[in-house]
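My notes follow in the order I took them.

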Amino acid sequence: MDTILIVDDNHAICQALGLMLELNDYRVLTCHSPEDALGLLATQDVDLVIQDMNFTRDTTSGEEGKQLFYALRERQGDLPIILMTAWTQLETAVELVKAGAADYMGKPWDDAKVLNSITNLIALYKLSRANHRLERVNHQRQVAIADADLCGIVFGSGAMQRCIDLALQLARSDVSVLITGPNGAGKDKLADILHANSPLKNKPFIKVNVGALPMDLLEAELFGAEAGAFTGATKARIGRFEAADGGTLFLDEIGNLPLSGQVKLLRVLQTGEFERLGSHKTQKVKVRVISATNADLAQDIAEGRFREDLFYRLNVIELALSPLNQRTDDILPLVQHFIGSNFSLSKPALQALLHHRWPGNVRELENACKRAVLLAQSHVLTEADFGLAPVVSAVRAATSHISATSEPRRFDQRQSDPQPVYASASIPTHATFSDSSARDQTQSANEAIEVSREDIEAALKQHHGVIARVAKALGLSRQALYRRMDKFGLDKS
């Protein structure tokens, strides 16, 4: 319930205003002097103040009200204040409105007008406070990322920013993290970030692709083996857990681990103990385990292919990466990174890149960019250079994209929906880009797009003049669209 403070030396005014506001579901505080008002503001959360301009009998100058207004403004600069008086002076009203007064009303007041003003002012006040909080959070986020090792990841979406924020927060702890997402989404890159920003960053970081290991050698790879433990084992070998002792072990494609290996892995996670294959000597290690999978482990548990107790050991926290077609804001920064600064994109190429489903995710995008650079006939890359089919109508494609119905996250690329969710980028580790550099690359890509006056007029008509949708349809940022509208003399209102 929103709280309104009424400051007026006339008790009848306080009662009348207070009753009206309480009947409209406001919490009301009243006082009769500037001193009491400042005292209440120091101890109570207030969303709006309605104050009189004169508090001394036979005084009509408004000086007391001005002093109270500036005192309130000094203590809480964004608090909405409605000035109310029977003695309205235009000069005073103009001065205080310029100084930040939200409204200036005369007595007697109009109930409907007062209520309408209060509703609007409190809504704006809350929005302003929310924006300030968001700015503080974004600033803290940028400071945190500036000091972090992002392992060369390239991104441009807010969803990826939030995913990295969570990864950096988890990196400081030693909890087990399960990274889920489709092949090519960059699960290994997120594991790199988790280790590189952890207290264990100078300790061993061992990666194991469980899905690539032969079943008969998998346990030996993980836990080691004594000489003679199996055919061809001519000498003892340490396993990945021993190699990672004191550091981090990344188990990629954990869903492919057979049940026999799951039992041993569960024991290591619970006790830190295991035996090498062919040995009865128990060894103890301390390892942080990060795992990743493209499988639906909940379904595997239901069908008996994965142990539920192991799942909860691995999945203390889940980081979910979505397909590239669900985070289109990352496509242009990635493309610009992969093709380099010597190439730009034609408008049809940009449309085709944004319209393509990318079933192979970032890995497929990187390969398409390599193809385009190798086959390019000029510095302006076309959709044919990328091996992509042309989009018949940019407006129709964007409209179809905007109207797509969002569905729950699936790892089946044919069923995924192009809505921005968490995402990642699988790129060479030597490249480091900040969010701002990604925006710069996006802007440079926008500048390379040729758009005619007819294109803009058609998109404006199609989207009823909504600039954000028009820009999306044409593959431009809003700033780039505005510049082209200025160039062609089109009305931006």
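**Entry 1**

I started at Phe 241 and skipped its neighbours within four places in sequence. Phe 241 is in contact with Leu 222, Phe 223, Leu 249, Leu 265, Val 268, Phe 274, Val 285, Val 287 and Val 289. I note here that this is a predicted model.

Next I looked up the largest nonpolar core, which has 27 residues. Which members touch the most other members? They are Val 208, Leu 222, Phe 241, Leu 249, Leu 251, Ile 254 and Leu 265. At least two residues each come from β7 (205-209), α8, β8, α10 and α12. The largest share is four residues, and α10 supplies it. As background, nonpolar side chains in soluble globular proteins tend to be buried together.

**Entry 1: Helix α10**

I turned to α10 itself, residues 259-271. The helix has 13 residues and reaches 19 Å from its first C-alpha to its last. That is close to the 18 Å expected at 1.5 Å a residue. I listed its buried residues: Gly 261, Gln 262, Leu 265, Leu 266, Val 268 and Leu 269. Why do I say they line one face? Seen down the axis of α10, the buried residues fall within an arc of 165°, so they line one face of the helix. An α-helix has 3.6 residues a turn, so residues three or four places apart point the same way.

What do the buried residues of α10 pack against? I found two strands, β8 (248-252) and β9 (273-275), on the list. Also there are β11 (288-293) and the helices α8 (215-223), α9 (240-243) and α12 (308-314). Gly 272 follows α10, and its phi is positive, near 80°.

**Entry 2: The second largest pocket**

I looked up the second largest pocket, which holds about 400 Å³ of space. It is lined by 18 residues. Which of them lie nearest its centre? Asp 174, Lys 286, Val 287, Arg 288 and Val 289 do. The elements that give two or more residues to this lining are α10 and β11. The largest share, three residues, comes from α10. So far, then, α10 gives the largest share of the core and the largest share of this lining.

Most residues other than glycine have a negative phi. I looked at two exceptions.

Cys 151 has a phi near 55°, a positive value. It is found in the loop between α5 (111-146) and α6 (158-171). Is Cys 151 buried or exposed? Its relative accessibility is 12%, so Cys 151 counts as buried.

Asn 361 has a positive phi too, near 60°. This residue lies in helix α15 (residues 361-375). Asn 361 is buried, with a relative accessible area of 0%.

**Entry 3: Helix α15**

I stayed on α15 and checked its span. Its 15 residues should span 21 Å at 1.5 Å a residue, and its end C-alpha atoms are 21 Å apart, which agrees. Buried in α15 are Asn 361, Val 362, Leu 365, Glu 366, Ala 368, Cys 369 and Ala 372. Down the axis of α15, these buried residues fall within an arc of 165°, so they line one face of the helix. They pack against α13 (331-339), α14 (347-355) and β14 (380-381).

**Entry 4: Helix α19**

In α19 (residues 467-474) I found Ile 467, Val 470, Ala 471, Ala 473 and Leu 474 buried. Seen down the axis of α19, they fall within an arc of 160°, so they line one face. Gly 475 follows α19, with a positive phi near 75°.

**Entry 5: Cys 31**

Cys 31 is found in strand β2 (residues 27-31). At 4% relative accessibility, Cys 31 counts as buried. Where is Ile 6, 25 residues apart from Cys 31 along the chain? Their C-alpha atoms are separated by 6.5 Å. Leaving aside neighbours within four places in sequence, I noted the contacts of Cys 31: Leu 5, Ile 6, Val 7, Asp 8, Cys 14, Asp 36, Ala 37 and Leu 40.

**Entry 6: The whole chain**

Last, I took the totals. The chain has 20 helices and 14 strands. Of its 493 residues, 48% are buried. Among contacts between residues at least 6 apart in sequence, 71% join residues at least 24 apart.

Key: Residues are numbered from 1 along each chain as its sequence is written. This is a predicted model: local features need pLDDT of at least 70, side-chain atom pairs count only at pLDDT 80 or more; totals for chains, interfaces and linings use all residues. Side-chain values use heavy atoms; hydrogens and water are left out. The expected span of a helix is 1.5 Å times one less than its number of residues. Buried means under 20% relative accessible area, exposed over 50%, partly exposed in between (1.4 Å probe, protein chains only). The arc is that of the directions from the helix axis to the C-beta atoms. Contact means heavy atoms within 4.5 Å. A nonpolar core is a set of buried Ala, Val, Leu, Ile, Met, Phe, Trp, Tyr and Cys residues joined through side-chain atoms within 4.5 Å. On a 1 Å grid over the protein atoms alone, a cavity is a set of points where a 1.4 Å probe fits but cannot get out, and a pocket is an open set with protein on both sides within 12 Å along at least five of seven lines; lining residues have an atom within 4 Å of a point. Grid points are joined across faces, edges and corners, and a volume is the space filled by probe spheres set on the points.
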